[in-house]
Amino acid sequence: MKPYKNKINRIRSFALGLIFFGFIIMYGAIFFKDNGILVTIFVTLGLLSILASTAVYGWIGLLSTKAVPVVCPNCGKHTKVLGRVDMCMYCKEPLTLDPNLEGKEFDEALNKKR
Ligand SMILES: [Zn+2]
């Protein structure tokens with residue numbers, strides 16, 4: 001089985017990755033401090049990636065308002081479901097909002113409209 005993750009968590013780790021990427025790139029600029037053009041390019045790229053992650057974080061906030069808060073039947077914690085099928089943020093229990101899909105095997109393809 002593929003390692004599915006809760007969608008909101010996945011986007012969040014992506015945004016976090018962008019921040020790290022941005023800082024690493026800007027840190028890399030130190031090694032080119034003799035070359036002003038390279039430093040400018042690296043710092044710009046780093047800033048862009050941090051800006052992008054800020055945008056992604058804003059997007060998560062937007063998605064969170066659309067996600068449906070549910071109580072996970074498996075672990076009893078409050079989690080959010082995005083789309084027709086999603087996973088619990090804590091125990092990775094597959095959750096669905098569509099009664100027709102109840103009991104079916106978890107498949108991310110079910111999110112696509114047919
Ligand atoms: Zn759970």
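Two residues are in contact if their C-beta atoms, placed from the backbone, lie within 7 Å. The model in the viewer is predicted: local features need pLDDT of at least 70, side-chain atom pairs count only at pLDDT 80 or more, and totals for chains, interfaces and linings use all residues. Residue numbers start from 1 along each chain as its sequence is written.

**The two domains.** Colour domain 1 (1–66) and domain 2 (68–102 + 108–112) separately; the bounds come from an automatic or database domain assignment. Their centres, taken over C-alpha atoms, are separated by 28 Å. Eight residues of domain 1 are in contact with eight residues of domain 2. On the side of domain 1 that touches domain 2, H1 contributes the largest share, three residues.

**Helix H1.** Next, select residues 7–28, helix H1. Helices (H or I, at least four residues) and strands (E, at least two) are DSSP runs, numbered from the N terminus. Display Lys7, Leu18 and Gly22, the buried residues of H1; a residue is buried if 20 or more other C-beta atoms lie within 10 Å of its own, and exposed if 12 or fewer. These buried residues pack against helix H2 (36–66) and strand S3 (85–87). Then turn to the face away from the buried side, where Arg10, Ser13, Phe20, Ile24 and Tyr27 are exposed.

Finally, select strands S1 (residues 68–71) and S2 (residues 78–81), which run antiparallel and are joined by four bridges; strands pair if DSSP finds at least two bridges between them. Pro69 stands opposite Lys80 in S2. Six residues lie between S1 and S2 in this hairpin, and Gly76 in the turn has a positive phi of about 80 degrees.

Conventions. Expected span 1.5 Å × (residues − 1).
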